[in-house]
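This briefing covers domains, ligand surroundings, core packing and local backbone features. The chain is shown first.

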Amino acid sequence: MDFSFTEEQRIWHDTLHSFMEKEVSREYTREHDANRDFPEDVYRKMADQGWLGLMVPEEDGGVAADPIMFAIFCEAIGKHSLDTAACIMTSMFTAGNISRHGTPEQKQKYLQPFLKGDAKFSISISEPGSGSDAASARSTARLEGDEWVLNGNKVWCSGAQLPGATIAILARTDQDRYNGFSLFLVPNTTPGLDIKKMNTVVRKSLGTTEFFMDNMRIPKNAILGEVGRGWHYIGEHLEYERLSIAASQVGNARTALDDTIRYTKDRKQFGKPLSSFQVLKHRMAQNEAELAAARLLVYSAASKMARGERAVKEVSMAKLITSETLFRIAFNGMQALGGYAQLPEYDMERYFREAKHGMVGGGTNEILRSIIAKDMGL
Ligand SMILES: Cc1cc2nc3c(=O)[nH]c(=O)nc-3n(C[C@H](O)[C@H](O)[C@H](O)COP(=O)(O)OP(=O)(O)OC[C@H]3O[C@@H](n4cnc5c(N)ncnc54)[C@H](O)[C@@H]3O)c2cc1C
């Protein structure tokens, strides 16, 4: 089996890495993390390159990347910043949903500004009482004449507070556990929507929110696709979402390990570089091997998807293993950098914080293990 990139994939990889090197530098990422600022200029520059349209088909103005090209993209951003990766990718999945299920008017209203970098999307599934058990969500949408009336409390909705954001809100139009959900496109300026930013230690640039809907009225045509299909629409992009997280975690783990190697080679104690102490050397060697294995899982899942096959188990395995690999690498990095690991200017504390979140966001590791077990017939 040949694991090397094709010529086209290699050129894409190199183009992305030189763009990220220039536009998403360490200083840039640190500053945006510290100030909780969205990387607006990078978002626009990516739009100018046409990259926001990676999940949008050509007939809707996108470039429809295959899953391997998409994974290369996610790995490249993640190498520089997991938060920036989330800032770019969160919108992409809803854009894909609008392409697949939107009316011509919705495509005109939402997709065209998005592709130009003038609009963003966020996805609202979670509620205070429904996290892993997302299908127990209770927010409701009721049709009254020409309007839907939405009520409920959503939580962890990342990016909902950003200027120009439209939220894809999952709400109950019926009591059926899965077929009772519909998906609505709601601009964040809609009256009756009260959005509060949450003070998280991760995803500081993207930001995440809690919001309340108090008899929020939206037009009848704000529904995306068919009544009762919301759960299925959200599920459609789960494989891409998990692939994207896994690939960006691999990119970030590479940087965290490279930083550890560089630091331990430079830093001397007892008259020798830290890297000469066997305990540290072996930890880094172990991490190198684990990272190589994790990366193979990502591209193996992407290859399966590129062949047009479902890869629910493969993306679950990739996200599970890459999150644990990144966490171990960042944890060992925190130890190897000693006290300096605590300083934001050494970046390790950011990798560590983001690594921990990787075990929860986009489906917790326990839930991923349950998905894998189910596929194994357990
Ligand atoms: C920074 C951040 C950004 C987020 N962004 C979004 C977003 O944009 N949109 C959105 O809708 N959601 C978002 N989320 C929500 C995220 O998807 C949930 O946090 C996640 O699904 C877990 O839900 P929970 O936090 O309620 O934990 P819970 O479901 O309460 O789980 C708590 C613990 O119990 C374990 N557990 C639960 N059920 C089982 C089980 N059956 N078997 C074994 N263990 C179990 C979990 O694995 C976990 O370890 C975000 C979360 C964070 C922290």
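Which residues of H2 are buried? They are Thr29, His32 and Asp33, where buried means 20 or more other C-beta atoms within 10 Å of a residue's own, exposed means 12 or fewer, partly exposed lies in between, and C-beta atoms are placed from the backbone. This is a predicted model, in which local features need pLDDT of at least 70, side-chain atom pairs count only at pLDDT 80 or more, and totals for chains, interfaces and linings use all residues. Residues are numbered from 1 along each chain as its sequence is written.

**Helix H2**

- The buried residues Thr29, His32 and Asp33 cover an arc of only 100° around the axis, so they sit on the same side of H2; the arc is that of the directions from the helix axis to the C-beta atoms.
- Helices (H or I, at least four residues) and strands (E, at least two) are DSSP runs, numbered from the N terminus.
- Exposed residues Glu27, Ala34 and Asn35 are carried on the face of H2 turned away from its buried side.
- The cover over the buried residues of H2 includes H4, H5 and H11.
- Arg36 follows H2 and has a positive phi, near 55°.

**Domains**

- The chain divides into domain 1 (7-119), domain 2 (122-229) and domain 3 (234-375), with bounds that come from an automatic or database domain assignment.
- The centres of domain 1 and domain 3, taken over C-alpha atoms, are separated by 21 Å.
- Contact between these two domains takes 23 residues from domain 1 and 24 residues from domain 3; two residues are in contact if their C-beta atoms, placed from the backbone, lie within 7 Å.
- On the side of domain 1 that touches domain 3, helix H2 (26-35), helix H4 (67-80) and helix H5 (82-101) each supply at least two residues.
- H4 gives the largest share of that side, 10 residues.
- By class, that side of domain 1 has 13 nonpolar, 3 polar and 7 charged residues, where Ala, Val, Leu, Ile, Met, Phe, Trp, Tyr, Cys and Pro count as nonpolar, Asp, Glu, Lys and Arg as charged, and the others, Gly among them, as polar.

**Ligand shell**

- Around the ligand there are 21 residues, of which Gly131, Ser132, Trp156, Thr364 and Glu366 come nearest; a residue is near a molecule if its C-beta atom, placed from the backbone, lies within 6 Å of it.
- Strand E1 (120-124), strand E3 (147-158) and helix H12 (365-375) are the elements that give two or more residues to this shell.
- The shell is made up of 7 nonpolar, 12 polar and 2 charged residues.
- The ligand lies between domain 2 and domain 3 because both give residues to the shell around it.

**Nonpolar core**

- The largest nonpolar core has 105 residues, and Ala71, Phe184, Leu243 and Val298 have the most contacts inside it.
- Helix H10 (residues 312-336) gives the most to this core, with 11 residues.
- A nonpolar core is a set of buried Ala, Val, Leu, Ile, Met, Phe, Trp, Tyr and Cys residues joined through C-beta atoms within 7 Å.
- Leaving aside neighbours within four places in sequence, the contacts of Phe184 include Ala141, Trp148, Leu150 and Ile169.

- Trp156, found in strand E3, has a positive phi near 60°.
- Trp156 is buried, with 20 other C-beta atoms within 10 Å.
- Asp347, in the loop between H10 and helix H11 (348-358), has a positive phi of about 70°.
- Asp347 is buried, with 21 other C-beta atoms within 10 Å.
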